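Please find below some notes on the model, written as numbered points. They can be read alongside the sequence and the coordinates.

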Amino acid sequence: MRRPYGFSLLCLALGATVMSGCGSDASSSAAVPPGTSAETGATTAGSTPGTVQVALTEYKIAASAATAPAGRVTFDASNDGVIPHELVVVKTDATAAGLLKGSKADETGNVGELDERALAVKATKTLTLDLKPGHYALICNLPGHYQGGMHTDFTVT
Ligand SMILES: [Cu+2]
């Protein structure tokens, strides 16, 4: 927006109409600095620190973030599928894909969950947990769902 001094003088010399044109041009470039001012001002839940959007479908769990800072973590879960699902948070050193025991995932280390009644079709529910640093798995352990691919890794730092 920096202009040669002579250009500013020209604007002044040309009168109010042209001057306001010059002014709005300068202010609009100043009002939109490089970066993400629009995103910073947004009020989407996903931008709240410690909040993770989790979308459950057949047969996938998609989290808006793979990590969160230790402390209160809110999972904002929505069942976007056509059958009930659940969200189980398991603290484990194993990978999310490596929990199979028999036909289901081993839930040893379960620190909290939303069951299939909470996550009925099209339901949205939040689960707030106090999480310590470490590796977690977000899974749906309804029959066949984990094996179908409903698991994702999550790390608390
Ligand atoms: Cu499921």
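1. Between which two strands does the loop holding Lys122 lie? Lys122 sits in the loop between strand 8 (110-114) and strand 9. This is a predicted model, and the points below should be read with that in mind.

2. The backbone at Lys122 deserves a look. Its phi is positive, about 70°, although the residue is not a glycine. Lys122 counts as exposed because it has 10 C-beta neighbours inside 10 Å, and the cut-off for exposed is 12 or fewer.

3. The bond that joins Glu58 and Tyr59 is cis, with omega about -10°. Tyr59 belongs to the loop between strand 1 and strand 2 (60-63).

4. On strand pairing, strand 4 (residues 71-79) runs parallel to strand 1 (residues 51-57), and six bridges join them. Within this pairing, Val54 has Ala77 in strand 4 as its bridge partner. Strand 4 is also joined to strand 9 (residues 124-131), here by eight bridges and in antiparallel fashion. Phe75 is bridged to Leu127 in strand 9.

5. The largest nonpolar core has 27 residues. Those with the most contacts inside this core are Val54, Leu56, Ala77, Leu87, Ala137, Leu138 and Ile139. Two or more residues of the core come from each of strand 1, strand 4, strand 5 (87-91), strand 9 and strand 10 (134-139). In soluble globular proteins, nonpolar side chains tend to be buried together.

6. Val54 links the pairing to the core: its bridge partner in strand 4 is Ala77, and both residues are listed among those with the most contacts inside the core. Leaving out residues up to four places away in sequence, Val54 touches Ile61, Ala63, Phe75, Asp76, Ala77, Leu87 and Leu138.

7. Is Val111 buried, partly exposed or exposed? Val111 is found in strand 8, and it is partly exposed because 16 other C-beta atoms lie within 10 Å, whereas a buried residue would need 20 or more.

8. The surroundings of Val111 can be listed as well. Apart from neighbours within four places in sequence, Val111 is in contact with Val89, Lys91, Leu129 and Leu131.

Terms used
Residues numbered from 1 in each chain as written. Predicted model: local features only at pLDDT ≥ 70, side-chain atom pairs only at ≥ 80, totals over all residues. Pairing = 2+ DSSP bridges. Helix = DSSP H or I, 4+ residues; strand = E, 2+ residues; numbered from the N terminus. Core = buried A, V, L, I, M, F, W, Y, C linked by C-beta atoms within 7 Å. Contact = placed C-beta atoms within 7 Å.
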